[in-house]
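Hi,

Here is the model I promised to pass on. Have a look at it first, and my notes follow below.

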Amino acid sequence: MSREAFVFCPRCAKPLADRPVADDDGGSRVRRACPDEACGFVQWGNPVPAVGALVEHEGEIILARNRAWPEGWFALVTGYLEAGEDPREALAREVREELGLEVTQSSLIGNYLFERKNEVMLCYHAVATGTVRLGAELAEIRRHAPADLRPWPRATGLAVADWMRARGLPVEFVDFAAPGARPPSAEGGR
Ligand SMILES: [Zn+2]
């Protein structure tokens, strides 16, 4: 949960309040914090990292639809890192859990802010082998030739676009979150 907003201090249970908290540069900023300075809890609201896998399997890209998403929403395989887990291990684990595939090769595409969820997506191109077997979180997958991908203009979609451009493929964004726009092959949802 990256938008976790406490009402009571998770350390001492006093109600949190907005108060100035010192910054490293000598200034201060109003933050949600514990009023008890001896406790010192501050709700920093730092973005949470998550991994995103642009999965290539037998020459095609696999996009997945989460069970919680509407029809037509497909996206990269994503997930949070476990404590102490290397991002590439998290990537391989998510691809294994959600698609039943083994990642044999992965390369970083880039890191992308997903403002709405206060996450930073660490996005990788992941080449995977095996037979697809959907995990409990996924409703269905779609397979696309790389040139047929239509990224959405935010978060993981920007990773898809950068990956396509690096291969000389023309990029056509589709904002399926916009009213009336929900094409069946759009990448997005996260
Ligand atoms: Zn406290």
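**What I found**

The chain has two helices and eleven strands, where helices are DSSP runs of H or I with at least four residues, strands are E runs of at least two, and both are numbered from the N terminus. Before you dig in: this is a predicted model, so local features need pLDDT of at least 70, side-chain atom pairs count only at pLDDT 80 or more, and totals for chains, interfaces and linings use all residues. Residue numbers start from 1 along each chain as its sequence is written.

Starting at the N terminus, the order of elements is β-β-β-β-β-β-α-β-β-β-β-α-β. The C-alpha trace spans about 60 × 35 × 30 Å along its principal axes.

There are two domains, with bounds from an automatic or database domain assignment: domain 1 covers 1-46 and domain 2 covers 48-187. Their centres, taken over C-alpha atoms, are 34 Å apart.

On contacts (C-beta atoms, placed from the backbone, within 7 Å): of those between residues at least 6 apart in sequence, 61% join residues at least 24 apart.

As for burial, 31% of the 190 residues count as buried, meaning 20 or more other C-beta atoms lie within 10 Å of the residue's own, with C-beta atoms placed from the backbone. Helix 2 (residues 156-166) has eight of its eleven residues buried, so it is largely enclosed by the rest of the structure. Among those buried in helix 2 are Leu-158, Val-160, Trp-163 and Met-164. Just past helix 2, Gly-168 has a positive phi of about 75°.

Cheers

Conventions:
A residue is buried if 20 or more other C-beta atoms lie within 10 Å of its own, exposed if 12 or fewer, and partly exposed in between; C-beta atoms are placed from the backbone. Two residues are in contact if their C-beta atoms, placed from the backbone, lie within 7 Å.
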